[in-house]
Amino acid sequence: MTAFLEILPTELIQPILCQLRNKCDLTTAALVCRSFNYAATPLIYRKIDARIQDNRVISHPSATLLQRPELAQYVWHVTETGVALRSNPRMAQEITATLSLCTNLVSATWKDDDEAAEAVFMPFLEVLMTLPLKEFAICTKYDVGDRAWTLLNSMKGTRRLSVRSPEWDKPPRVLQGWAAQLGPTLRYLELGRCSGISPAILISVFSQFPLLQNLRILGVASTAIPSIITCLPNLIALDMDYQRHGNYPLPSMPLPHLQQLTIRANSVDASGLVELWNWTCSLIPHEGSLQSFSLVSFTIVIPLPFITRLICRHGRSLTQFCVGSAQVTPEVMTYLCRDCPALASLECSVVNLDMQTIAKAIEPAKNLHTLQFVLWIQACAADTGLRYYGFSRMMYEHYSRRNEAVPFSAEEVKTLMLRPGSELRTITFGGISYSGRWVRAMPKRDPVSQIEGGLTFEVVKDTYSYSRLA
C-alpha cells in the first residue's frame, strides 16, 4: 500500500488533502510517506498565525520558519496581532524577519485592541510594503496613527481591503489619501464604521473605484445608499446595515445590477418594517439580476407582498434566500419554491410546522439542495410568548439542549429527501443537521432503500458542538 501511495503524483494528492481543515490532520498526512509529505507541507504553512491564550503568546511559527527558511515560500496568508509583537522585543524581531521571507504572500490581517497601536504596527507594515500583497485587513480598536496612514496611502496593487476600526473615520481616514492608489485594482472593500461621514465624501472616494465588485459598508444612512452605489457600475455584491436616519434624494443615474444583497436590520422597530421592504426593493430594480438575498435581523416576519415583489423581478435568477431568524409562513415557502425554479438554498425560521406541511411547501422546488431552519418556534397554548426549539450556530453555546426537542427523525428526513425529482441533500433544524447521500450498498445494510446498481441512500445526523463552531 505504501509503495502505491509513493507513486501518486503531488498534483493528485494535494487537492484531496485540501479537504483537511485541521493542521493536526495535515501534519499526520505528512507522515504517511514521502509523496504525502511533499503534498501536505505547503498546505501546513499556507496560512500562519500565532496561538494566543489570555493575551499570552503560546506558540508562533516564526521560530520554525527562521530555522527552515525554505518553508516560507509556501506562506500565502498571515494573521498577526499586536499582542504577539508586544510580548517581547526578540519575538517582534523574529516575526518581522519571518515576514520578510514570505515572498509569495497574498494576504495579511492585522489585529490589535491596544491604544498604542502605531508603535507595533509600523514594523509589520514596513515589511508588508516590500511584499506582493493583494489582500489586507486591518482590525483595530483604536486608530493606527498618522505615520501608518501615510505609509498605507502609498500601497498599490490591493485587490481586497477591509478596515474595521471604531476610530478610523477621523479626517482624512476615509481612504481619501489612498483612493487614487487603490482605484486601478480594488475589487472588494469593507468599511466597518462610517457613521458620521458625509455621503458626499464617500461618493467622492468610491467614484475612484470603477472596478469594485463587492462592498460591505456599515453606519451609512440607508437613504444615501442608492446615490453611493450609482458611482460603482461594476458592483455585484452589497452588504450593509439598515439605518433609517437621514433623507437623501433618489439618484438620477442607474443603479448597478446587484447579484448578491445582504441587509443587516437588527435595530428596526415595527414602524420601520414597511420602509425596510420598500427600500430593499428599490436597490434591485433590474429584472433578473439578483441571485442571492440575505437578511440578518431579530425575529421578524417576512411579509408575503415583499416576497411577491421580489419574485416578480428576480424569481428566475434567485438561487439563495437566507433570512436567518426572520420567520416565513408555509405560503411564503411555497411561493419561493414554486416561482424560483433555480432556488438551491433556503434558510429561514418557521413556526410549528410538521413534516407534511414542509413537504407540501417545498414540493415544487426541483433544484433545492439545502434547507435550513435557524429557529424552530413553537407557540405554547398556556403561554402568550413563543418558545424557541432550534437555534443558529451563533446561539448554540447557550441553547444547545433545546435543539434536542426538534420532533423529526432521520427516517422522516430521508422520506423528504427522496421525494420524486428532489435534489434536497441537507436539512438543518437549529443545531441538528441531516445530510443525505447515495453510497454503495453493503451486506445487511438497509436493504429496503437499496436500488438498482447496488446503491442505497444514507442519512447522517450531525449535532453541532460548540468546539467545532468556535
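User: At the start of H7, which residue has a side-chain oxygen that reaches to within 3.1 Å of the backbone nitrogen of Arg90?

Analyst: This is a predicted model, in which local features need pLDDT of at least 70, side-chain atom pairs count only at pLDDT 80 or more, and totals for chains, interfaces and linings use all residues. Residues are numbered from 1 along each chain as its sequence is written, and side-chain values use heavy atoms, with hydrogens and water left out. Helices (H or I, at least four residues) and strands (E, at least two) are DSSP runs numbered from the N terminus. The residue whose side-chain oxygen reaches the backbone nitrogen of Arg90 at the start of H7 is Asn88.

User: Which exposed residues does the face of H7 turned away from its buried side carry?

Analyst: Buried means under 20% relative accessible area, exposed over 50%, and partly exposed in between (1.4 Å probe, protein chains only). Met91, Ala92, Ile95, Thr96, Thr98 and Leu99 are buried in H7. They cover an arc of only 160° around the axis, which puts them on the same side of H7; the arc is that of the directions from the helix axis to the C-beta atoms. The face turned away from that buried side carries Pro89, Arg90 and Gln93.

User: Is Ala148 buried or exposed?

Analyst: Ala148 lies in helix H9, residues 146-152. Beyond its neighbours within four places in sequence, Ala148 has contacts (heavy atoms within 4.5 Å) with Glu118, Phe121, Met122 and Leu125. With a relative accessible area of 0%, Ala148 is buried.

Methods. A polar contact is a pair of N or O atoms within 3.5 Å; within protein, one must be able to donate a hydrogen and the other to accept it, and residues adjacent in sequence count only if both atoms are side-chain atoms.
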